[in-house]
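Work through the exercises below with the sequence and the model in view. Each task is followed by its solution.

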Amino acid sequence: MWNDDLGTRVRALLNEKQRLEAIKLVYETLKLKSLNEARKTVNDFEEYMRLQTPELALMPPLDDDLEEEVRKMLPEQKIAAIKRVREETGYGLKEAKDAVEDIQYNRTPHPDNLSWFTWGEVRKLMKSADNKAIAMKLVRDEVGVETAVAFKLCEAIKEGKIKEPPPPPKYRSIDDE
């Protein structure tokens, strides 16, 4: 069974560029059927580690005036737009570039198509580290985003940055009369 100790040991091996040793450790510790299965497990763990980086934290949306100004500058003046966002928000270079590209490619950090049911399920699942992958899959499947974006959305839901969508309307049955 995967535990924090195994995760720490695998992370240390990967940081030391000893990928094969990490795969062997996972294979032996988890008593997997094949090294290929261990390799896939290590790949999944690496993706999980990559998604845990602080720079993937969901940035608050820009105010409407700044967003409109940036839209007018794109795509010809992308560098100037990044500078403008940095001046107005205090974002670092990467965060400002991400914000400008979100506008340029019409990416939204707050999905319009996230259902009330999924929001509630994600909120419950994110309470346990073991269920984060299930929560990300739910969001990825419903909203149609990449895994990294689904992770950001799940974290934003957990932290209360994405408010609960309205519940579906209650319908009455014709038998209720």
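**Exercise 1.** What covers the buried residues of α6?

Solution. The model is predicted: local features need pLDDT of at least 70, side-chain atom pairs count only at pLDDT 80 or more, and totals for chains, interfaces and linings use all residues. Residues are numbered from 1 along each chain as its sequence is written, and side-chain values use heavy atoms, with hydrogens and water left out.

Step 1. List its buried residues (under 20% relative accessible area, 1.4 Å probe, protein chains only): Ala96, Ala99, Val100, Glu101 and Ile103.

Step 2. The cover over these residues includes α4 (64-73) and α5 (78-89), where contact means heavy atoms within 4.5 Å.

**Exercise 2.** Describe how α7 and α9 pack.

Solution. Step 1. Helix α7 (residues 116-125) meets helix α9 (residues 147-158) at an angle of about 80°, and their axes are 9 Å apart.

Step 1. α7 is therefore roughly perpendicular to α9, the term for angles of 65 to 115 degrees.

Step 2. From α7, Trp119, Val122 and Arg123 touch Cys154, Ile157 and Lys158 of α9.

**Exercise 3.** Is Trp116 buried or partly exposed?

Solution. Step 1. Trp116 lies in helix α7.

Step 1. Because its relative accessibility is 35%, Trp116 is partly exposed, a class running between 20% and 50%.

Step 2. Beyond four places in sequence, Trp116 touches Glu164, Pro165, Pro166, Pro167 and Pro168.

Definitions and conventions. Axes fitted to C-alpha atoms, helices over the stretch in contact; angles between N-to-C directions. Helix = DSSP H or I, 4+ residues; strand = E, 2+ residues; numbered from the N terminus. Parallel < 35°, antiparallel > 145°, perpendicular 65-115°, else oblique.
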